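Here are a few friendly notes to read alongside the model. Take them one at a time, and keep the view open as you go.

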Amino acid sequence: MPEPAPVESGGGLSDRDRAILAMESRGWPGTGAKERAIRERLGLSPTRYYQLLSALLDDPRAAEHDPVTVNRLRRVRQERRERR
């Protein structure tokens, strides 16, 4: 299935970007459920999803849209980098 093109609304985040942030803001019972939802709801492979998410964490528009989720994920990413 081809990856859907992002649709921007008013110069902000695309619908796909907002959907990715929404996925990250909810709790998941396990990795399998989240990966299944990524494929079914967004039509993305988990690898592509995490690439897009990583780019979103560096986008100031994402922090404006959902600062709690973005800041939490930035902290997690930084902690992982420091452990390496």
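1. Does Lys-34 count as buried or exposed? Lys-34 counts as buried because its relative accessibility is 12%; buried means under 20% relative accessible area, exposed over 50%, and partly exposed in between (1.4 Å probe, protein chains only). Please keep in mind that this is a predicted model, where local features need pLDDT of at least 70, side-chain atom pairs count only at pLDDT 80 or more, and totals for chains, interfaces and linings use all residues. Residues are numbered from 1 along each chain as its sequence is written, and side-chain values use heavy atoms, with hydrogens and water left out.

2. You will find Lys-34 in helix α2, residues 31–42 (helices are DSSP runs of H or I, at least four residues, numbered from the N terminus). Leaving aside residues up to four places away in sequence, Lys-34 touches Glu-24, Trp-28, Tyr-49 and Tyr-50 (contact means heavy atoms within 4.5 Å).

3. Now look at α1 and α3. Their axes come within 10 Å and cross at roughly 95° (axes are lines fitted to C-alpha atoms, for helices over the stretch in contact, with angles from 0 to 180 degrees between N-to-C directions). Therefore α1 is roughly perpendicular to α3 (65 to 115 degrees). Among the residues that meet here are Ile-20 and Glu-24 in α1, and Tyr-49 and Tyr-50 in α3.

4. Finally, visit Ser-14, in the segment before α1. Ser-14 counts as buried, at 2% relative accessibility. Its side chain reaches the backbone nitrogen of Asp-17 at 3.0 Å.

Methods: Helices (H or I, at least four residues) and strands (E, at least two) are DSSP runs, numbered from the N terminus. A polar contact is a pair of N or O atoms within 3.5 Å; within protein, one must be able to donate a hydrogen and the other to accept it, and residues adjacent in sequence count only if both atoms are side-chain atoms. Angles under 35 degrees count as roughly parallel, over 145 as roughly antiparallel, 65 to 115 as roughly perpendicular and the rest as oblique.
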